[in-house]
Amino acid sequence: MFAPRTTPWPLVALFTAGYLAPYLLPTTVGRLDSGLPLSATQAGAVGSALLLSSATAGFVLASRVERIGARTLARLGLALALLGYGAAALTTTVPAVVAGAITGGFGSGTATTVAATLIAAQRDPHRASTAGLLSVSALAGAVYLTVPHLGPGHGLPLAAIALTALAVWPLTGRLPAGTPAAPARHDKARLPHARSGLVLAAAMLCWSLAQNSLWGVSGQIGLTQAGLGEATVGAVFAVALVAGLTGVLVAGALGGRLGRAMPIGAGTVLIAGCIVLSASATDLTGFATGEIAWNTLYPVVLSYLIGLAASLDPRGRWAVLVGSASSLGTAAGPLTGSVLSAQAGFPVMGTILAAGLLVIALPMTAVALHTGGRPLLPGAIRRRGGHPAALVAAATGTPNGAVPEIGAPEQPVVEIPVETTAVPAQRAYGKAGSEVL
């Protein structure tokens, strides 16, 4: 009998606290524009600064989680998020708001870094990332439904992120003091799958840039081009995030049955079409259809990309580095979307972003095809139906992660020592099938 798989809920909560800021980006940027003396482009720049600070945390802390300890870093990140976003929500002075957003962004990035590292150490990283995406989508949907009815002002979405960090803080006591470390002789081992990891990181930067270029101006598309009210736009976003929950549930149910290449490649192509539809919307029907379809597909593909990054290194280093590269693209998204839409209009912006997605779908799919999954530990054997033979990792002298995973269930290989005598030098051979003479 197999032991039941349990969901690491403290880890899911930390993932939610780290990812909530990007999910609330449209309402955050929109309210900075309407509640403070900022233009749409300037508000987008503040959103980009927030997300750039989050990405910086990932790059700075990627190799330090094990040494500092997951629990300590998680609490530091949540504290910075609480103080930064809370301060930005309580002031109307633009420099103070920007400083608070940057501080809070670094806290969000720290929480995300710890979550990504711990997710990569799970037996089933796709299951943990799926649960995290479900949680953050549900919470963001609730915020989108609630905030328009609580009054105007830039502080409400920022306060929601700060309060989430405060709520997650007590759960950090259940996180490990340090992440599961690799054997001592591998502490300084080079990153495995270096070429695939670099390609995936570069592609994820561009992929996230395209997604958040639209997401950062989606509120403006609904308010200005489609002529909708804030409450209606918020309702569309809430429904879209609920649809995203459905997509994540489907992805969790499918797991690895379809592999990673098809969900990533085909999903990115479909997302490109959704971006064109949403960016060209002039009424409620077009806007809602594009946003709902896009938000249904986006977390599905993202969950497989997170799982792919986690599979490249069981110590979580590629998961953090690829996630940080994604955060760089996310950070540049609001400003890029604001500039493109201001210069060329929303429909042309959507066409440009969709074309870019079609191009980067190719290298991402190639990485998914090239790397079958999590590297095998020494002494393990895995099979995939249809392959003529399995790959066996040597139990002695084989570095961790040297053999790629090509299958699903893991079966331990038992070593049986056999005492043999030295074979004397052979001088002659008998016929085929006979003993050595």
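Modeller: Start with residue classes. Ala, Val, Leu, Ile, Met, Phe, Trp, Tyr, Cys and Pro count as nonpolar, Asp, Glu, Lys and Arg as charged, and the others, Gly among them, as polar. By that rule, the lining of the second largest cavity has six nonpolar, two polar and no charged residues. One caution: this is a predicted model.

Colleague: Which residues line the second largest cavity?

Modeller: They are Thr28, Leu32, Val46, Gly47, Leu50, Val97, Ala101 and Leu158. The elements giving two or more residues here are helix H2 (25-35), H3 and H6. H3 gives the most, with three residues. The volume is about 40 Å³.

Colleague: What makes a space a cavity?

Modeller: A 1.4 Å probe fits in a cavity but cannot get out. The structure holds two cavities of 30 Å³ or more. At about 40 Å³, the second largest cavity passes that mark. The largest cavity holds about 610 Å³.

Colleague: How many residues line the largest cavity, and which are closest to its centre?

Modeller: There are 40 in the lining, and Tyr19, Tyr298, Leu302, Ser326 and Ser327 are the closest to the centre. Helices H1 (9-23), H3 (40-61), H6 (94-120), H9 (194-225), H10 (230-254), H12 (284-311) and H13 (317-344) each give two or more residues. H12 gives the most, nine residues.

Colleague: How are the residues of that lining divided by class?

Modeller: The lining of the largest cavity has 23 nonpolar, 17 polar and no charged residues. No charged residues means no Asp, Glu, Lys or Arg in that lining.

Colleague: And what makes a space a pocket instead?

Modeller: A pocket is an open set of points, whereas the probe cannot get out of a cavity. Take the second largest pocket, with about 320 Å³ of space. It has 20 lining residues, and Thr27, Gly30, Arg31, Leu223 and Glu230 are the closest to its centre. H2, helix H7 (125-146), H9 and H10 each give two or more residues. H2 has the largest share, six residues.

Colleague: How many residues of its lining are charged?

Modeller: Three are charged, beside nine nonpolar and eight polar. Arg31 and Glu230 line this pocket, and Arg and Glu are on the charged list, so they are two of the charged residues.

Colleague: Which residues is Pro22 in contact with, leaving aside its neighbours within four places in sequence?

Modeller: Leu51, Trp215 and Thr330. Contact means heavy atoms within 4.5 Å, so each of the three meets that limit. Pro22 itself is in helix H1. Ser108 is 86 residues from Pro22 in sequence, and their C-alpha atoms are 9.4 Å apart.

Colleague: Where is confidence lowest, and where is it highest?

Modeller: It is lowest in strand E2 (residues 391-392), with a mean of 26, and highest in helix H8 (residues 155-168), at 93. The mean pLDDT of the chain is 77, and 79% of its residues reach 70 or more. Over residues 373-415 pLDDT stays under 50, with 74 contacts beyond four places in sequence. Residues 179-187 also stay under 50, with 15 such contacts.

How values were computed: Residues numbered from 1 in each chain as written. Predicted model: local features only at pLDDT ≥ 70, side-chain atom pairs only at ≥ 80, totals over all residues. Heavy atoms only, no water. 1 Å grid on protein atoms, 1.4 Å probe; cavity = no way out; pocket = protein on both sides within 12 Å on 5 of 7 lines; lining within 4 Å. Points joined across faces, edges and corners; volume = space filled by probe spheres on them. Helix = DSSP H or I, 4+ residues; strand = E, 2+ residues; numbered from the N terminus. pLDDT = per-residue confidence, 0-100.
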